[in-house]
Amino acid sequence: MINSLYDRKKARRSLFDTVAYRMVSQVTTILGYIILVRALSKRDFGVFNLLYSFIPLVGTVASLGLEQTLRRFQPEYLRMGARGAAAWLVKWVSRARLGTNVLILMGLLLAWNRIAPHFDLGAYRVEFEVFGILALLHFQSQILQLSLASYMLHRYSVGSVAMLSFGKLIWYGGLAAAGLLTLRTAICADAMAYACVYLFLRVVYRRQCLAGAPQENYSPPPEERRRLLRYGVFNNFNDAGTLFLDSRMDNFFIAAFMNTVAVGIYSFYGRLTEMATNILPIRLFDNIIQPMFFAVRPADADARLPQYFTFLLNMNLLVMWPIVAFSAAYHAEIVAVGFGGKFVQSSWLLPLILAFAAINCFATPVSLVAQYEEKAGIQLLSKVFAGYNVLAMLILIPKLGLYGAALASGSAQLLKNAFVWWHVRRRAVWINAAASIASSVGIWSAAVALCYAVKHLVPAPPLVQLLIGIMIFALAGLLYVRGPILCRSDRELLLNLFPGKEMRILRLLGLLHVAESVPPVRRIN
């Protein structure tokens, strides 16, 4: 039974569960976000996002590498049939995370009067206390989601994400309809949604995962404890290095140099970017991407890894190029129609942040190559660019405001990713780089120019302009997917990954049109 956890049938089922629930999550998240942005004042919306910035801070300051340890070792224990060890690891990680979180949150509350005024949060101690409960529920739910994913129960782990966003939508909608959606009630609504998700995950974990586990208390041998400790300590430093590369940490610099209204503006466009990038193929199909990489035999790595690297990069850019182009043409209209024009004065932030997201979409493929080559030290060393990010924030925010923050954050990520790529560049090769870039720039720059011409020649309300733009981009997209954005090996891999009924949809879209440029890829068994 344990050996069947990671077979092809289960992986395929998990893939479709992941796609289905993430689509639901995306829709409900967008609807809930529209209600929240429209209901809260600019200041309250900024404070709301600044409070959420404490989650990566709390999670990173004393991470102890807990989540990374769980993600790494629980699947190993399950493959070995050691359900008792897997259950012990979840319990140990959960308790350790709860303990560290409580200590850090208590420390923040004790020091609140000293630190909060620097970020314009002095009057929001009660809101932070409620938010502390939300943060505890967030981390405990995250641990259970990781554990259920190790059991290939993605219908529950990813389904809980959809459940959370749906719960928020219901609470926001009801409170807004009653005229009661404020900063404090929004935080309480989120806490209630997290509580429901945690209880759901706890029940599922107990019934689906603990039912077959040995009842006696498991205690790992000393050498196994040392192994877990070494891995956790190493990843603790790795996690700490990512703290100031997290875009949510930018909010503290913005609050210190500007105000919470500016935090709201920056977070708003950052959140729109996050929602857009959540539909990237590498986000949707991450549960099959890693096996593709790590199943490659060393003898085949020089041939296979460039193909897989190119596939992941091209599939991301297949989506990111039109998103960036559309935002460049219609950034103001998107905000006007979807969010009532709130923060529209800074709408050029959207294409700027999205452009950096597109440039940095090679981060995951590069990281996978580095992991395959076991260059963990290089990945850890790349976190030195967090220092660059802090310095750039200190220099650029006073001079350029929110655009300076976006430039600092985006360029820091780019330097970090480029540093890792440089050390794995022999295998991290973009096979059709020249053809892909030329085709993409040509098609989408022409589409953007046409959209601006239409807006100039045919004055119309923002909604009408958006609909016209969607039609223009749909026609450009049909031409785009049939061009050299994907090479032959990319299309061969698509055939390999989707040999069932979904092949008809891919063929209809033109994604399976095979260009004669790269030798065919051997089928993955």
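User: Is Glu129 buried, partly exposed or exposed, and what is its relative accessible area?

Analyst: This is a predicted model. Glu129 forms a salt bridge with Arg125, with the closest N and O atoms 3.3 Å apart. Glu129 is partly exposed, because its relative accessible area is 37%.

User: How are Glu129 and Arg125 separated in helix H7?

Analyst: Arg125 is partly exposed, with a relative accessible area of 31%. Glu129 and Arg125 are 4 residues apart in helix H7, so their separation is about one helical turn.

User: Which parts of the chain does the salt bridge of Arg43 and Asp120 link?

Analyst: The side chains of Arg43 and Asp120 meet at 3.0 Å, N to O. Arg43 counts as partly exposed at 33% relative accessibility, and Asp120 counts as partly exposed at 28%. The pair links distant parts of the chain, 77 residues apart: Arg43 in helix H2, and Asp120 in the loop between helix H6 (112-115) and H7.

User: How many salt bridges does the structure hold?

Analyst: Asp302, Arg426 and Arg427 are linked in a network of salt bridges. The side chains of Glu274 and Arg271 also meet in a salt bridge, at 3.0 Å from N to O. The structure holds 10 salt bridges.

User: Over the face of which residue does Arg271 lie?

Analyst: Arg271 is partly exposed, with a relative accessible area of 25%. Arg271 and Glu274 are 3 residues apart in helix H12, so about one helical turn separates them. At 5.9 Å from the ring centre, Arg271 lies over the face of Tyr33.

User: How many aromatic pairs are counted, and is the pair of Tyr33 and Phe268 stacked or edge-to-face?

Analyst: The count comes to 22 aromatic pairs. For Tyr33 and Phe268 the centres are 6.2 Å apart and the planes are at 10°. Planes under 30 degrees apart count as stacked, so this cut-off decides the class. The pair of Tyr33 and Phe268 is stacked.

User: How many residues apart are Tyr33 and Phe268?

Analyst: Tyr33 is in helix H1 (residues 8-39) and Phe268 is in helix H12 (residues 260-277). Tyr33 counts as buried at 8% relative accessibility, and Phe268 is buried at 0%. The pair links distant parts of the chain, 235 residues apart.

User: Is the pair of Phe48 and Tyr52 stacked or tilted?

Analyst: Phe48 is buried, with a relative accessible area of 6%, and Tyr52 counts as buried at 16%. Phe48 and Tyr52 are 4 residues apart in helix H2 (residues 42-52). The ring centres are 5.1 Å apart and the planes are at 50°, so the pair is tilted.

User: What is the relative accessibility of Leu134?

Analyst: Leu134 is in helix H7 (residues 125-150). Not counting residues up to four places away in sequence, Leu134 touches residues including Tyr52, Ile55 and Tyr194. Leu134 counts as buried, because its relative accessibility is 0%.

User: Which helix supplies the largest share of the nonpolar patch?

Analyst: The patch of about 440 Å² is made by Phe257, Met258, Leu391, Leu394 and Ile395. Leu391 is in helix H19. With 3 residues, the largest share of the nonpolar patch comes from helix H19.

How values were computed
Residues numbered from 1 in each chain as written. Predicted model: local features only at pLDDT ≥ 70, side-chain atom pairs only at ≥ 80, totals over all residues. Heavy atoms only, no water. Patch = residues over 30% accessible without salt bridge, like charges linked within 9 Å, V, L, I, M, F, W, Y side chains within 5 Å. Areas by Shrake-Rupley, 256 points an atom, 1.4 Å probe, with all protein chains shown as cover. Salt bridge = Lys/Arg side-chain N within 4 Å of Asp/Glu carboxyl O. Helix = DSSP H or I, 4+ residues; strand = E, 2+ residues; numbered from the N terminus. Phe/Tyr/Trp six-rings, centres within 6.5 Å; stacked < 30°, edge-to-face > 60°. Buried < 20%, exposed > 50% of the residue type's maximum accessible area, 1.4 Å probe, protein only. Lys NZ or Arg CZ within 6 Å of the ring centre and 35° of its normal. Contact = heavy atoms within 4.5 Å.
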